[in-house]
Amino acid sequence: MAALNLRQIEVFRAVMSTGSIAGASQMLFVSQPAVSRLLAYTEQRIGFALFERIKGRLFATPEARRLIGEVEQVYQSVQRVNDLAGDLARHRTGILNLVSGPSIGQSFIPQAVASFRLQFPDCKMTFACHGHEQIRERLLNHQADLGVISSAIEHPNLDITPLCTNRLVCIMPANHALCEKEEVAPEDLMQWPMVGYGHDTPMGRRVLAYCQDMELEPNEVVEVGSPQNAGSMVEMGVGIALVDEFSVRSWHASRPVMVRPLKNAPVLQTNLVHHKFEPMSQLAQRFIAELRQLVGLYGFVLAREKDMAPAMAE
């Protein structure tokens, strides 16, 4: 079987998308005979039919339906190449692709992006919140330049650099009895229904470790997937919850949820992650500087500058 080239892939995709030779010719701005010839040649080269021709209409074969998923991925990759070429042709300063966990990504990353773009208005940026595994895969697959995550990622091809620390805090409905306390003690958690997390999530593992250290068996009445979900449950009066400070700092001040420090609260480290074998761009370094300044203004304890050196090196 001969390999498909990009032109054959383009014609196959156009016929699949439009359902006809005429539609594909309009989509590609070529003649119908040219599409028919290339399609027939492609089928001959690969050794099986892509379409059945019944009463003048084309129907995709099972083999064609299996191929189209992979073809779409190839097409999207080509589109990314074209987008990059267009950006370079327009003399953009550069491109910076960011990913983060939901806690710091809900508010702090967008604030840092807004500040960064005041200095680099021609820089094209992308940003998405993902879970732990998705962030690792996007960094390893070169789909992201920089990740910010409040947990450790272990992989020999990734560098992890501390950004700052925060702590677990206790949140409760605005009229809850624990609001009278200046600090919530471990034993206080035992007395009230609690919103918990799945033990397969980063926050779930942190809360479980804290409860085990304090020898607690909390009364978890609802299990959620993130601190953002926990905040909504607490707001509705379902129970109290433990969340990270990044999450509560990003909530609106009018939200009817009270926050209290947690006695013996564990320290949570937020990390910068990037590919170990690729130099970090100047744009990424400048964005990190903006992010460090922002989290410092909010009172988070920053990692020392010397700890930043490995990740900042060219």
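Predicted model: local features only at pLDDT ≥ 70, side-chain atom pairs only at ≥ 80, totals over all residues.
Local features need pLDDT of at least 70 and side-chain atom pairs count only at pLDDT 80 or more, while totals for chains, interfaces and linings use all residues. Residues are numbered from 1 along each chain as its sequence is written, and side-chain values use heavy atoms, with hydrogens and water left out.

The structure holds seven aromatic pairs (rings of Phe, Tyr and the six-membered ring of Trp, with centres within 6.5 Å; planes under 30 degrees apart are stacked, over 60 edge-to-face, the rest tilted). One of them joins Phe108 and Tyr298, edge-to-face at 4.8 Å centre to centre and 70° between the planes. Phe108 belongs to helix α6 (residues 108-119) and Tyr298 to the loop between α12 (282-297) and β12 (301-302), so this pair ties together parts 190 residues apart in sequence (helices, H or I of at least four residues, and strands, E of at least two, are DSSP runs numbered from the N terminus). Phe108 is buried at 0% relative accessible area, whereas Tyr298 is partly exposed at 33% (buried is under 20%, exposed over 50%, partly exposed in between, with a 1.4 Å probe and protein chains only).

Phe246 and Phe300 make a stacked pair, because their centres are 4.3 Å apart and their planes at 25°. Together, Phe108, Phe246, Tyr298 and Phe300 form one aromatic cluster.

As for charges over rings (NZ of Lys or CZ of Arg within 6 Å of the ring centre and within 35 degrees of the ring normal), Arg13 lies over the face of Tyr75, 3.6 Å from the ring centre. The charged end of Arg255 sits over Trp251, at 4.5 Å from the centre of its ring.
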